[in-house]
Amino acid sequence: MHVLKFTFLIVTFVGCFRPLSWTSLFKRVIYNLYRIFIIIILYIFAFLQFMDITLNVDNPDDFTNILYMALNVSVSGYKLLIMWLNYKSVTTLIIKLNEEPFKPMNTDELKIRQKFDKIIRCNTLRYSILIASSWTFMSLMSLLTDFKNRKLTYREWVPYDYSSYMVFCITYAHQFLSTFYCASVNVACDTLICGFLMHVYCQIEILEYRLKKILDDENILAYCIHHHNSIFKFACSINAKFSQIIGLQFITSTLIICSNLYQLSQSSLNTDSIGLIGFTCCMLTEIFIYCWFGHKIKSKSIQLVDSIFQIKWPMLNNSVKKSLLIIMKRTLVPIEFTTAHIISLNLDSFVTLLKTSYSAYNLLVRVQEK
């Protein structure tokens, strides 16, 4: 595996993707058991929180206090399941990036690939630090306050007595592990999907480089056409395999942001509020990176027309000119990532999400006032 090395270390650690080298039955069984263990603790935590909402919650304050984490944990478990089901598809995407026409053909193309690998690694590291910092802060605050007072970090319906110290520690540890894996799975899936999006951008840049070589070798045009079609197919495969994850993330992020805004408006500034602000920033960042990279790819695919236009056309024969015109016409329909066939991954969608969250927040405030 020569692409997304750092990202796949995280993805492998949280049970989202079994290493390709683990082909023996024993390793596959062990890894699947580990993955099932993570899924179980995530969904038990989410189930207990939703049960608490159903049985005990009777006001907007308690509802929003439980909802944001219950939704986040549920989405993390869902992401893990989708990654498990799409194991072969993700493997195919990795293999394609290491084969023609995506594989670098010379030193210059290799430098382009290495440049984007470095960008992806830096983005993954920054995003991991952001999520890890938020989770660490909230966990430390809970250990220093809630744990000492034998209080659970998050509200949930507990069908047994946890007044004894040992039972309380087990229950607390379950919440601690659930939130840890929740944060880790989000980092793994988000950075993996964004890494694939960046490789689409990388391939368009490599295509631009190859098109500039037409003046020296007109025979490369057929290869460029094949490469261009392959980029479209590769982008469609990414969109098809991950649109479920992105779509659910958009919906839940809207609800979570709305819930967090409501909680912040109803409480004074304290350590809990700081943790909640950090959590909200993480959710906004999570959606923003999808929209940002989707926007960049769409813009880059349209800019390919300008790159073709800058070629010295008078020096080309009519056959090559006609082929280039066909590529330009195809480029007028940009590579655009969508979810649920409705929401496009661009900056406009991010602004729409913020507006929707704020509208839902206003609705909650009005309900509370009544």
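**Close-up views of a cavity and of salt bridges**

View 1. The model is predicted; local features need pLDDT of at least 70 and side-chain atom pairs count only at pLDDT 80 or more, whereas totals for chains, interfaces and linings use all residues. Residues are numbered from 1 along each chain as its sequence is written, and side-chain values use heavy atoms, with hydrogens and water left out. A cavity is a set of points, on a 1 Å grid over the protein atoms alone, where a 1.4 Å probe fits but cannot get out. Grid points are joined across faces, edges and corners, and the volume is the space filled by probe spheres set on the points. In the whole structure, a search finds three cavities of 30 Å³ or more.

**View 2. The lining of the largest cavity comprises 22 residues.** Lining residues have an atom within 4 Å of a point. Nearest the centre lie Met69, Trp135, Thr179, Ala183 and Phe279. Helices α3, α5, α6 and α8 each supply at least two lining residues; helices are DSSP runs (H or I, at least four residues) numbered from the N terminus. By class, the lining has 13 nonpolar, eight polar and one charged residues. Here Ala, Val, Leu, Ile, Met, Phe, Trp, Tyr, Cys and Pro count as nonpolar, Asp, Glu, Lys and Arg as charged, and the others, Gly among them, as polar.

**View 3. Lys79 and Glu286 form a salt bridge, their closest N and O atoms being 2.9 Å apart.** This pair links distant parts of the chain, with Lys79 in helix α3 (residues 60-85) and Glu286 in helix α8 (residues 271-309), 207 residues apart. A salt bridge is a side-chain nitrogen of Lys or Arg within 4 Å of a carboxyl oxygen of Asp or Glu, and the structure holds eight of them. Lys79 is buried at 0% relative accessibility, and Glu286 is buried at 2%. Buried means under 20% relative accessible area (1.4 Å probe, protein chains only).

**View 4. Arg210 forms a salt bridge with Glu109, with 2.8 Å between the closest N and O atoms.** Arg210 belongs to helix α6 (residues 165-211) and Glu109 to helix α5 (residues 107-144), so the pair ties together parts 101 residues apart in sequence. Arg210 is buried, at 0% relative accessible area, and Glu109 is buried, also at 0%.

**View 5. Lys300 and Glu205 meet in a salt bridge of 3.7 Å, N to O.** Lys300 in helix α8 and Glu205 in helix α6 are 95 residues apart. A network of salt bridges links Lys115, Glu205, Glu208 and Lys300.

Note on methods. Buried means under 20% relative accessible area, exposed over 50%, partly exposed in between (1.4 Å probe, protein chains only). On a 1 Å grid over the protein atoms alone, a cavity is a set of points where a 1.4 Å probe fits but cannot get out, and a pocket is an open set with protein on both sides within 12 Å along at least five of seven lines; lining residues have an atom within 4 Å of a point.
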